[in-house]
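Reader: I am new to this structure. Please take one part and look at it closely.

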Protein chains: 2
Amino acid sequence: MASRALILALRLLMLVFLVVSLVVLTTDTVTLQIYFNTEVHVRFRDVYAYRYMLGTIVVGAAYTLIQIARTLHRTCKANQEISRDGVTLFDFFADQITSYVLATGSAAGFGATKDLKSVFEFVGSAYDKFFNKGYAASSLLLFAFVCAALLSIVSSFGLPKKV
Amino acid sequence: MASRALILALRLLMLVFLVVSLVVLTTDTVTLQIYFNTEVHVRFRDVYAYRYMLGTIVVGAAYTLIQIARTLHRTCKANQEISRDGVTLFDFFADQITSYVLATGSAAGFGATKDLKSVFEFVGSAYDKFFNKGYAASSLLLFAFVCAALLSIVSSFGLPKKV
């Protein structure tokens, strides 16, 4: 019961990180004035790595919501037969895959931001803000990944011994 | 015994992918002629994400070599007490962490390559070659990651039940 509460808390924390990362990423826009009347809008979806990040955040959040719903359903029904089964193979593989998806999303974000920032350094502070928000979103995704990795370790220990 | 051979084969395959990825990455250079007498050398270490990739490859290869040596040592000594212990906690955590390290290395490489390639499109085919080699190195690192992920799953199943 205690471990179930811990798992639920970790999943909720992960969901919070994912939602905040989603908000930071999708509001990441910058407007550059090139000439007096020419404005260029740069949005997060102009960076391919950020689009991939968005995809990983959506997958991670959807999976976490499903798992939270499942845990609450089990707890409410107090179904002893299900709870004795412990971690199912689905939980184990899904947790493992989700943690890899979030790890790659965060790494792609950091990788692209670091190099693009150095390429566009000459443009000035407007782009700097844009990439700093990219860093913020990648960092939040990294925190979500840490939660996912911990959950993945917990499910590994709950697996039946040797198959 | 059969599973030990499978694990050894996976580790050897992973090492091959890592070494080839290392060779492709470190030989990734391009020379651009800007004016008649001005040449610009671009090397893999000018891209931050590629430096990080190099780090992950070195960590992955070093760990794999240690594990291969351990497995061969155990097999030669035919030490039954050790083999009955199955997967140790060290193996489990080290396999898990290595797979995350390789996943992030590959993702950072793909993320930076995709976006930098589109930024430097105007320069022409010389840069294209440079980034295509970056893609090749990232793909090889992705294959190494798949081996690491499989090894991580194998060690999860070998863990003692619930701690």
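Author: A helix here is a DSSP run of H or I with at least four residues, and helices are numbered from the N terminus. With that in hand, take A:Leu89. This residue sits in helix 4 of chain A. Helix 4 covers residues 89–119. The model is a predicted one.

Is A:Leu89 buried, exposed or partly exposed? Its relative accessible area is 44%. Buried means under 20% and exposed means over 50%, with partly exposed in between. So A:Leu89 counts as partly exposed.

A:Leu89 also belongs to a surface patch. Together with A:Phe93 and A:Ile97, A:Leu89 makes a nonpolar patch of about 270 Å².

Now the contacts. Set aside the neighbours within four places in sequence. A:Leu89 then touches A:Leu159 and B:Phe157. One of these partners is in chain A and the other in chain B. A:Ser156 is 67 residues away along the chain from A:Leu89, yet their C-alpha atoms are separated by 9.6 Å.

How does chain A relate to chain B?

Last, the record. An unreviewed UniProt entry lists residues 12–36, 48–66 and 139–159 of chain A under "transmembrane region". Residues 48–66 are 100% helix and 0% strand, with end C-alpha atoms 28 Å apart. Residues 12–36 are 60% helix and 20% strand, and their end C-alpha atoms lie 48 Å apart.

Technical notes: Residues numbered from 1 in each chain as written. Chains lettered and ligands numbered in written order. Predicted model: local features only at pLDDT ≥ 70, side-chain atom pairs only at ≥ 80, totals over all residues. Heavy atoms only, no water. UniProt positions renumbered as here; feature names shortened; annotations may be inferred. Helix = DSSP H or I, 4+ residues; strand = E, 2+ residues; numbered from the N terminus. Patch = residues over 30% accessible without salt bridge, like charges linked within 9 Å, V, L, I, M, F, W, Y side chains within 5 Å. Areas by Shrake-Rupley, 256 points an atom, 1.4 Å probe, with all protein chains shown as cover. Salt bridge = Lys/Arg side-chain N within 4 Å of Asp/Glu carboxyl O. Buried < 20%, exposed > 50% of the residue type's maximum accessible area, 1.4 Å probe, protein only. Contact = heavy atoms within 4.5 Å.
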